[in-house]
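Welcome! Please take a moment to look over the sequence and the structure below, and then we can walk through a few places together.

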Amino acid sequence: MTYVEKVLKNLKEQNPDEPEFYQAATEILTTLEPVLEKHPEYENQSLLERFVEPERVIMFRVPWVDDKGKVRVNKGYRVQFNSAIGPYKGGLRFHPSVNLSIIKFLGLEQILKNSLTGLPIGGGKGGSNFDPKGKSDREIMAFCQSFMTELFRHIGADTDVPAGDIGVGAREIGYLFGQYKRIRDEHVGVLTGRGLSYGGSLARKEATGFGLVYITEEALKTRGDSFNGKTVVISGSGNVAIYACQKAQSLGAKVVAMYDSNGYVYDPDGIKLDIIKDIKEVKRGRIKEYVDRVKGATYTEGCSGIWTVPCDIALPCATQNEIDEKSAEILVKNGVKYVAEGANMPSTLEAIKVFQDSGVVFLPAKAANAGGVATSALEMAQSSGRLFWSFEEVDAKLKNIMINIYHNIEMAAKNYGYDGNYVMGANIAGFIKVADAMMAHGIV
Ligand code: NDP
């Protein structure tokens, strides 16, 4: 049994109810074999065992009162996974599916993603099984205030800096920050994704989607190609999906399909993004309303059918495991050439294998969606320097970071004999920096 196999076996035995965490750990650890061969000292120092064990897991009760006066109780989580290269950094997810397994998988991924940005940020993640859908603003505020009333004692501008994720946007970050400031009496950069009037950064809202398109554009460019004239399918219609669509369209692509958690819209003439924004960002409505407003567009109930829409480029931007083996096979059969992950772990391990075996250029989440957290780190830099950069300045830095990530993961893959395998490249490049720092810190 190899070192990796031993660690994974132990991980499964000790965390039997955490399938998503085990899936992410398997995806990462199995690609690190060549690094471990070069560095036997890692096994001697039980580095992998330490790497997969969070430094700290905080779980707490979140009581709040709904509009009918009923007391509700949710679970709150913050997993402070690894602070070897900087303070913990990673989003908060509010969604009924949230559990410890999902937060740990996201936290583990976040360690390597943050490392790939080249910026000094460690990995963490948090959230709650609270469902913001259908709640009034007052209920959201009550929940956020209660959540922060526990979380505040564990976070800080140099300790742990949470941000948004699924279900946590500008409104939620505002309420969370307001409560932190009230309890601590400190106006500091303790959360990112803040509003522009209270310490936020320009271009943070757009960053993950724009970054996804920048890294894909670089992959296209190195192959003498571009977004211009390409047919693109994007899953989701949230923060990442909307700004990926905006940037892809601005580069001449035709985005023909998007979805929300109920179903997908197909518009052969190209999605009208202003209508999607109005439905999802302004009215917080359902995507099926699109077909009432756009002639020639169709709506199909259920999500997975979106991958039957033929495209050159697929950008999954909704949630984990949305592309399984069967969907991957259909995408390949229909001629997809590039798949870049905007969401975290949207492709199953089997789907990734299908893409790689078929010669599809596959850019994994930890590289492809790192633009969000990278821009969060730029927000932290502006906060501590009491600075405010222009949109163009932040956007240029973001683009540069994404281009660097692309070349770093390409180089790492090549150096270890896996040319073109960006899963290997991203895991190896991200891991080496964290492993170096952990070794330097001794047994901690
Ligand atoms: P949002 O909440 O803004 O949007 C999520 C979108 O995905 C919505 O359209 C939602 O549909 C849909 N969705 C959520 N869960 C499911 C599901 N189980 N099945 C089908 N559709 C679903 O989230 P974000 O855009 O911020 O995040 C999307 C993904 O990107 C996540 O994986 C997140 O971890 C990742 N990510 C986000 C970053 C960011 O900066 N925001 C940074 C890096 C990664 P509905 O409207 O019906 O809820």
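## A glutamate in a loop

Let us begin with E18, which sits in the loop that links α1 (3-14) to α2 (19-29). Helices here are DSSP runs of H or I with at least four residues, strands are runs of E with at least two, and both are numbered from the N terminus. This is a predicted model, in which local features need pLDDT of at least 70 and side-chain atom pairs count only at pLDDT 80 or more, while totals for chains, interfaces and linings use all residues. Residues are numbered from 1 along each chain as its sequence is written, and side-chain values use heavy atoms, with hydrogens and water left out.

Is E18 buried or exposed? E18 has a relative accessible area of 11%, so it counts as buried (buried is under 20%, exposed over 50%, partly exposed in between, with a 1.4 Å probe and protein chains only). Leaving aside neighbours within four places in sequence, E18 is in contact with L100, S101 and K104, where contact means heavy atoms within 4.5 Å. The C-alpha atoms of E18 and F105 are 8.7 Å apart, although 87 residues separate the two in sequence.

## Around the ligand

Which residues are closest to the ligand? They are D165, T208, S261, R286 and N344, out of 26 residues that surround the ligand (each has a heavy atom within 4 Å of it). Both α9 (204-221) and α10 (239-250) supply at least two residues of this shell.

A polar side-chain atom of D165 is 2.6 Å from a ligand oxygen, and a side-chain N or O atom of R286 is 2.5 Å from an oxygen atom of the ligand. The protein buries 84% of the 890 Å² that the ligand exposes when taken alone, by the Shrake-Rupley method with a 1.4 Å probe.

## Two nonpolar cores

In soluble globular proteins, nonpolar side chains tend to be buried together. Here the largest nonpolar core has 57 residues, of which I234, M258, Y290, L315 and L363 touch the most other members. Such a core is a set of buried Ala, Val, Leu, Ile, Met, Phe, Trp, Tyr and Cys residues joined through side-chain atoms within 4.5 Å. α9 gives this core its largest share, 8 residues. Another core, apart from this one, has 42 residues, including L11 and F431.

## Two exposed arginines

R284 lies in the loop between α11 (273-282) and α12 (290-293), and its phi is positive, near 50°. With a relative accessible area of 54%, R284 is exposed.

R386 is in the loop between α16 (370-385) and α17 (391-415). R386 is not a glycine, yet has a positive phi of about 50°. R386 counts as exposed because its relative accessibility is 69%.

Note on methods. A polar contact is a pair of N or O atoms within 3.5 Å; within protein, one must be able to donate a hydrogen and the other to accept it, and residues adjacent in sequence count only if both atoms are side-chain atoms.
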